[in-house]
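This report describes how two parts of one protein chain meet. The sequence and the structure are shown first.

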Amino acid sequence: MANFANSTLATTRAYGRPMPKAWRYALSYAVLLPLLLLVHLPLLWMIITAFKAPGYGTKLEFIPRAGEAMYTLENFRQVFFDKDFPFYRFAWNSLVVATGCAVVTVAICTMAGYAFAKKRFPGRDLLFAGLITIMLVPGIIFMVPQYRLVLKFGWINTYLGMILPHTANIFGLFLLRQHIRGLPDSLLEAARVDGASEIGTFFRIVVPLSVPVMITLFLLTFVGQWSNFLWQLIVNTPDSPHLTLPVGLSLFQGQYQTEWEKMMAGACFSILPIAVLFTVAQRFFIQGLTAGSVKE
Amino acid sequence: MSILTLSGNGRPHKRPLWLYYDAIWGYVFIVPFLLVAAVFLIFPIAYSFYLSFRETWLYSNWFDQFADMRYVGFRNYVDLLRNPQFWWALVATFVYALLVIPTSIAASLALALFLNTRLPGYRALRSAFFLPHVFDVFVVGIIWLLLYNPQIGPFAEFFRWLGVEWFKKHGFVDNPYTILPSIAFAMVLKGMGFGMILFLTALNNIPDSIFEAAEIDGANARQKLFYVTIPLLRPMILFMSVTGLVGVLNAFAEFYAMTKATGGVAFQFLGATVQAARVSGFYLYQLFSDAFYGHAAAMSFILLLIGLVITWVNFRILGKEA
Amino acid sequence: MLAKYACPKSAQGVVQQWRFIVLFAVAVCALSLAWADAESAREAKPVRLTLWQGFKFKEVSLLRENIAEFKTKWNAAHPDRPLEIIESQVPFFDMVQKLRSAALARQVPDIAFVDVNNMVQLIYGGVARPLDELPNFPAKSIDEFRARFVPGAFDSNVAVFKGKRHLYGIPAQTTTLALFYNKKRFREKAADLRAAGCDPERAPRDWDEFIRYAKVLTEPAKELYGFGMNGSFWFTMPFFNQYGAEFIRRDEKGNLRPAIPSPHALAALERKANFYLRDGIEAGAWRDGALDPDQGFKNNRYAMVLTGPWMIEDFRSAGLDFGVALIPRVPLGEAKRLGLVPPDATEDSPEAEKLTAGNVGGMNGVISTTCKDPDVALEFLLFFTSTPIQRRWAEEMGEIPVVLDAQKNLNLSRFPEVPTFIQQINTAKAFPAIPLANTFEPQIFNPEFSLVLQRRATPQQALERIARLLDERILKPVNEAEAIALKEFAEK
């Protein structure tokens, strides 16, 4: 790979000759590391505040004075062990809904993306353009009609009702169609010549080559649904066994209180599982997507 | 084409049989998606269109709210178009879009170019920058509100240290001048990692020969950036501006969180009192939660129309060579 | 088809008859089954009540105890109607949204505890059931029943709907604002307070005194302020109430009209705005991004705030040394000028008592129109508002009892602040129960008042605009809808 981008930004001297590598790296770090701190400031702030004792969450102090109990685990204890707060049930439901939604979304988007990318059928382009247009419709407007449908189908308080309405993800369709369009036709033809069935071609050629994009879509859908509040709130009655974590955590926002420390402890539970998931999974998709985009 | 043999008997077709075969399989593959989309996306749009000519009224029975909506003709649309608060919602959305879309594209691209090198630890850095994108907007918004606090937040303190007392006095989200830029800043920081990944993917797809040719022609780094890299990234820039627009039109949670659900500080616009951060998504949410379903539907269609026009313009400007 | 033509007429008749017989048999079976069902139901008719509540976490355990207690009591008295109560917690702020969607699914709970501000929506939506029509309603009239309760809390439950006045709920929890003051800050500044003619051992009694106190306690360089206030309408209600300002009146034709701007409303608004604008004692806590009054009070930054009993425990757990006093009165001179008290009134005359006033928040217990056993539900609400239960809520949770009986002889060793709140709530007045009133605070009052505080409008201009918007967006639509509705209901 030839070098182009390594010398594109902030790495050239006035004469246009590349700087020494060490200087370049130092300069990059000088820009990137403060930026990184800024980007992660909310996360840090959240974690620190979640450990603070009542009243300290709204003080710009971090080092406790002698004899002062500035930090505590109390905020977390309340979320975990309150007998009236079935934390694990909420978390499990969130996990089921987010996973279910992500699996279905990826499955149907990959199939449809393949068809829109590689199959020729009457009405294809018109249909695709129509679907893309739907992306521009403000999302909240779907809520009321979708709720009526779910009522009609009798899906209140069911996982099905929580999952299915959000699986036709047009952004995901677009992502996969763009990716699959980039796959060489010769591969598919070769498979056909080898006598592979349509289904076989799909599973043996298209799916393996689309894994990074599929994982990306899986994770994006997963996090979207993990934090989906409004829909999961209205599609479940409060006595439903399927309440999810965001709905449960909203119970913490008492009537008038603004206890930052407890709110941040609650927020940790909506953010940290995602952070862990991504740290584990990132190599499957960030590296998959950007593989080779390293120039030296 | 060898594939023609699949049509079996080799009889000449005006349209080869395998094309029909291909088409049938095409339909088979899109059916699951299309089914869900038809039920949960297309029907709701049609239904909302129907609702946009009706409205609930004070006596709408909650048990039968939709049957109880009354036909009002175009009144929902007229009401909206005559309301200065609606116009401000559009202006605020437009301003926010101008603040957030170009900035996040530029920031993402810069980040992608920085991290497109074998900088030690580049993999970890890519992941680290990407991470905030996946966090819940509402939760992040609430934390930012704490960070922007003029009394106890680090930013106001930082500016005071720089000698700027203004924020200490007027806050970041507490005055109509900086509220939208402040929210935009927080959201750009949150989202730029995602754009970075998209640009890295796009950079990955540019053939090296193009850069080699440019180098042979004696282009320096800046020239390569502006005359080779950016033009070649145009489809991705187009994609990001369209999805950015979709995001802005749908943006709601960040405004809800960072204005404590109020819509932000008030000021005068066209002789009416408006709230600075009551963008279209927020406005729509309020209509929805106050059960003005007809107005909400009408507003969605106005927004759709605007979105289509902007997208079309976008394609005209950026999509010429795409 | 062919077979049909081939059939003789008589045979066709038989076929039709045969169909009729089957239909008859089915009908008989169905009826007898239904009858048998009714018969068996008469033997032991279980009562199943669902209940949604938006209490805070620490309050829920006491509520659950109450429910269990009621169940035992009921089951002992009515072995033929075994009772089951299924209780679930709903996020307080999402209750209306939930009820709305549940109504479409016909899954509205039998009992719901809803925010007093949302009562009218439920009544107009046909969700809340008139309680005074139930056979076991324990009073001859609504007004007789009212005498048992804190008036301000009770009044949010009474509304005129479709031309008839009914009681639609029973207060379950009531709150009001009072003045919290930071005793530690008062002690620190004791000498300065005395020098300014203020007694550091007690809270200010009227607004003039309040300003004197607050000026001493305000040290902008240290970011310490005498007062931190919330700019929203609910937190401004005490001012309007103590200045005797009305917002809405009915004209001679029965139509709703704005009652502002009035000198009283103007005086109230100016009083509040001037703490920030003129007196310089307010911290700017009304801004969205700033430390809100509760947080600032907790951090010893704001020496005085107006807040409610729900904060007591929070403040105490933060180790704060604080006292609670009545909201300062309208200064006597000003009150005389505005005609709030007779010219010869003194600080101790009974009229002057009215110069402090609270506002009303909290929750009401509502029984839904779909409830199958409303009598049992009402029985539960009456149990919940009975004196012993209300006393427990005051003594164990620091809540204000909703019934007047329970206000006496309380053992408040854990919550010495409660008597002040009781005194304050008895002076409180609720916002008129009209539809769309829930949009008044966020969309009309708050933005306009924010303009005043930003010096972008004068209080007079703001009140004029509030009056216009109130008329345009709430009162006119309500008048119109009422006119249509009355005609339609008359036709029916």
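## The interface between two domains of chain C

In this predicted model, domain 1 of chain C and domain 2 of chain C bury an area of about 2100 Å² between them, and carbon and sulfur atoms give 62% of that area. Three residues, Glu417(C), Phe421(C) and Gln424(C), supply 30% of the area that domain 1 of chain C buries against domain 2 of chain C, more than any other three residues. Domain 1 of chain C comprises 47–175 + 361–425, while domain 2 comprises 178–360 + 433–486.

| Property of domain 1 and domain 2 of chain C | Value |
|---|---|
| Distance between C-alpha centres | 29 Å |
| Residues in contact | 26 residues of domain 1 with 26 residues of domain 2 |
| Salt bridges across the interface | 1 salt bridge |
| Polar contacts (both at pLDDT 80 or more) | 4 residue pairs |

On the side of domain 1 of chain C that touches domain 2 of chain C, the elements that give two or more residues are helix 5 (119–124), helix 7 (151–155), strand 6 (170–175) and helix 18 (418–425) of chain C. Helix 18 of chain C provides the largest share of this side, 5 residues. By type, the residues of this side of domain 1 of chain C divide into 10 nonpolar, 12 polar and 4 charged.

A salt bridge joins the side chains of Arg316(C) and Glu417(C), at 2.5 Å from N to O.

Helix 16 of chain C (residues 374–384) is largely enclosed by the rest of the structure, because 9 of its 11 residues are buried. Among them are Pro374(C), Val376(C), Leu378(C) and Phe384(C).

Methods. Residues numbered from 1 in each chain as written. Chains lettered and ligands numbered in written order. Predicted model: local features only at pLDDT ≥ 70, side-chain atom pairs only at ≥ 80, totals over all residues. Heavy atoms only, no water. Buried < 20%, exposed > 50% of the residue type's maximum accessible area, 1.4 Å probe, protein only. Helix = DSSP H or I, 4+ residues; strand = E, 2+ residues; numbered from the N terminus. Domains from an automatic or database assignment. Contact = heavy atoms within 4.5 Å. Buried area = accessible area lost by both parts, 1.4 Å probe. Salt bridge = Lys/Arg side-chain N within 4 Å of Asp/Glu carboxyl O. Polar contact = N/O pair within 3.5 Å; in protein donor to acceptor, adjacent residues only side chain to side chain. Nonpolar A, V, L, I, M, F, W, Y, C, P; charged D, E, K, R; others polar.
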